[in-house]
Amino acid sequence: MISATTAHSVVEPSATTRRFAGSLVVLYAIITMIPLVWIMLTAFKSPDDAISYPPKVLFKPSLEGFCNLFTTRSRQTPEFIRSLGPPQGLCDDIARSRNMVVAGPSNYVPRFVNSLIIAFGSTVLAVALGTLSAYGFSRFRVPLKDDLLFFILSTRMMPPIAVAIPIYLMYRTIGLSDTRLGMILLYTSVNVSLAVWLLKGFIDEIPREYEEAAMIDGYTRFQAFVKVVLPQATTGIAATAIFCLIFAWNEYAFAVLLTSGNAQTAPPFIPIIIGEGGQDWPAVAAGTTLFLVPIVVFTVLLRKHLLRGITFGAVRK
């Protein structure tokens, strides 16, 4: 008869297997990073190098893409340009080298700010509402709980474009079209279902006895929730916030249909950056590169919570 120790023993992978698995992971990481690296390289190319064929890997770096991203330019005669005096900064110098002058700032910064406000605002609301809802489903007897949970999940089963037209008509009627508040509420309603389902699993793993002990010591239900449940659910909250932010940050269909100026976000604005003679690919690549920064920073800031959850995990019964 096989002993219990033998039955539960774990066979360690061989060194060759570990090296092979590690090589596959590295190869997969390199393949997935190639498009991002190419976008970042294109951001530092000149317009001519960006559209050259065959594509240039070695090129003279230029900040023209970033200058074109943040400014608008107009073509002028050489005589008019000479009458302006010395260039006022790097971007003005680059524009004059192409017989153009800087006419003013572009709309990229306002669109980028809209993305920050709408994405982070909807993420905070979705995670807050999702945490409270998940706690209620996890700790209390809710009539038709399984049906309600399925209904909440079903709201994410249809593609956004399927409900975009009704939402557009409703928003136009109530005055929320092309407003930050309208986009925050819309993204919150879409993300809250994901937040409820993710967080309920984390809260289910936190023993009820901890809250009961806290309430015996004089804590109210809400105080026990804040001081006992939330600290142990930090890992789930961090992971949920990342997923919600990624959706709100990258969302395109609703942003194209429901915004046009005041609340337009960066995703629908970046593809329509037009330069002289057509698409300004260095400016598009520069805008895309800068657009990646907040989501990377947010993920890095929450990395320790995710790693802590992987290392220790939630306390189980």
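The largest nonpolar core in this predicted model has 38 residues, where a nonpolar core is a set of buried Ala, Val, Leu, Ile, Met, Phe, Trp, Tyr and Cys residues joined through side-chain atoms within 4.5 Å, and buried means under 20% relative accessible area, with exposed over 50% and partly exposed in between, for a 1.4 Å probe and protein chains only. The residues with the most contacts inside this core are Tyr 108, Leu 186, Tyr 187, Phe 254, Leu 258 and Phe 291. At least two residues of the core come from each of several helices, among them helix H7 (108-139), helix H10 (180-204) and helix H16 (281-301); helices here are DSSP runs of H or I with at least four residues, numbered from the N terminus.

Before I go on, a word on the ground rules: residues are numbered from 1 along each chain as its sequence is written, and side-chain values use heavy atoms, with hydrogens and water left out. Because the model is predicted, local features need pLDDT of at least 70 and side-chain atom pairs count only at pLDDT 80 or more, while totals for chains, interfaces and linings use all residues.

Which residues does Tyr 108 touch, not counting residues up to four places away in sequence? With contact meaning heavy atoms within 4.5 Å, they are Leu 69, Phe 70, Phe 269, Ile 270, Gly 287, Leu 290 and Phe 291. Tyr 108 also belongs to a cluster in which ring pairs link it with Phe 70, Phe 112, Trp 249, Phe 269 and Phe 291.

That brings me to the aromatic pairs, of which a search of the whole structure finds 11. Rings of Phe, Tyr and Trp (its six-membered ring) pair if their centres lie within 6.5 Å, and planes under 30 degrees apart count as stacked, over 60 as edge-to-face and the rest as tilted. The rings of Tyr 135 and Phe 140 have centres 6.0 Å apart and planes at 85°, so this pair is edge-to-face; Tyr 135 is buried at 6% relative accessibility, whereas Phe 140, at 39%, is partly exposed.

The rings of Phe 222 and Phe 225 are tilted, because their planes stand at 40° with the centres 6.4 Å apart. Both residues lie in helix H12 (residues 221-232), 3 residues apart, about one turn of the helix, yet Phe 222 counts as exposed at 57% relative accessibility and Phe 225 as buried at 5%.

Finally, Asn 191 has its place in helix H10 and is buried, with a relative accessible area of 0%.
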